[in-house]
Amino acid sequence: MSPTHDVIVIGLGGMGSAAAHHLSARGARVLGLEKFGPVHNRGSSHGGSRITRQSYFEDPAYVPLLLRSYELYADLERATGRSIATLCGGVMVGRPDSRTVEGSRHSAEQWDLPHEMLDAREIRRRFPTLTPADDEVALFERKAGLVRPETTVAAHLQLAERAGAELRFEEPVTRWEPCAGGGVRVHTAGGTYTAGQLVICPGAWAPRVLADLGVPLTIERQVMYWFQPSTGVGPFRPENHPIYIWEDAAGVQVYGFPAIDGPDLGAKVAFFRGGAECTPETVDRTVHDAEVRAMADHMSRHIPALPGTFLKAVTCMYSNTPDEHFVIARHPAHPDSVVVACGFSGHGFKFVPVVGEILADLALTGATAHPIDLFDPRRLTGAPTV
């Protein structure tokens, strides 16, 4: 086989666009294939904002990747002149023994991350929009904040094209296969392409595109809501208001943002998990009145001014693994030619730049210095991991 490219990247959302950038920056001949347009709202890389934070309650093992991701986001801003990250500070709120608070504190202490622990009175004093119960506390992290997903994708695609990547949009992949003599062949609605390596970043389409991976992925419908606070957005501007993840006594988590898009576009909030299982083909993209009421009722207990007037809502999809950790690895069945990245379980976007770097490492050298043992798919398939 004489490959037409060094690496083909399937999927040019958050992870795929970053992979295309890092691969092409290292001189690889890259072909990127995307089912939709350059920036779209059909998957998981949209909605105007995503939380970024370092005191990571999911597992302390993520922290080194977050530190590198912060560096790469800054590099991305410098290289493109785009504004991507807003580090307005963040609070992880709940009872002291909640996963959100205790897990964040554990990560911060293990990695010596700057943070403060605030009691309910101090939370109210610093952030008057927030009304925690007397038995709730918060971890405050000054370096937490938000990144803009659409801008991130556009910036990575810009740099990939600048470095010579060929990016083809509105060209869905129909199938892919390893070639007998090495490398891979990818079939699309527009043609057939070959390459020495294949990087697959399929998002919510992973159960179909990566069926042979054997990982039990579920796709979950989620809704993002925007409300105009009853006080106006002044108290909710980034200089006054942090990002937050708030876990109540029942273990229900919500997350939200300051008002970042001007006086008329409100502030965004959403439930973290608990959505209906779906597929990309069956997801209900209509947001129903009962859902809006449930969100408003929930937030009225925590941030009374927030659900003043409902403005809009949009859906997205989580691609969940059973343990809610990522899958990033060389494909166990095709270790010589295929790299996979999927199952980001609703908390992956903050890692986009470093995942792109990892995928370039794996595709071009077969290994990475980044700590990714936690993301081995064999943990979920029963296959030995050593």
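Mentor: Buried means under 20% relative accessible area, exposed over 50%, and partly exposed in between (1.4 Å probe, protein chains only). This is a predicted model, in which local features need pLDDT of at least 70 and side-chain atom pairs count only at pLDDT 80 or more, while totals for chains, interfaces and linings use all residues. Residues are numbered from 1 along each chain as its sequence is written, and side-chain values use heavy atoms, with hydrogens and water left out.

Trainee: How many salt bridges are there?

Mentor: Side chains of opposite charge can pair when their charged atoms come close. With a salt bridge taken as a side-chain nitrogen of Lys or Arg within 4 Å of a carboxyl oxygen of Asp or Glu, the count is 23. In one of them, R168 pairs with E171 at 2.7 Å between the closest N and O atoms; R168 is partly exposed at 30%, whereas E171 is buried at 6%.

Trainee: Which parts does the salt bridge between D135 and R95 tie together?

Mentor: The closest N and O atoms of D135 and R95 are 3.2 Å apart. D135 lies in the loop between α4 (120–126) and β7 (137–141), and R95 in the loop between β5 (90–94) and α3 (99–110), so the pair ties together parts 40 residues apart in sequence. Helices (H or I, at least four residues) and strands (E, at least two) are DSSP runs, numbered from the N terminus.

Trainee: Where do E109 and R105 lie?

Mentor: Both E109 and R105 belong to helix α3, 4 residues apart, about one turn of the helix, and their side chains meet in a salt bridge of 2.5 Å, N to O. E109 is partly exposed at 45%, and R105 is partly exposed at 23%.
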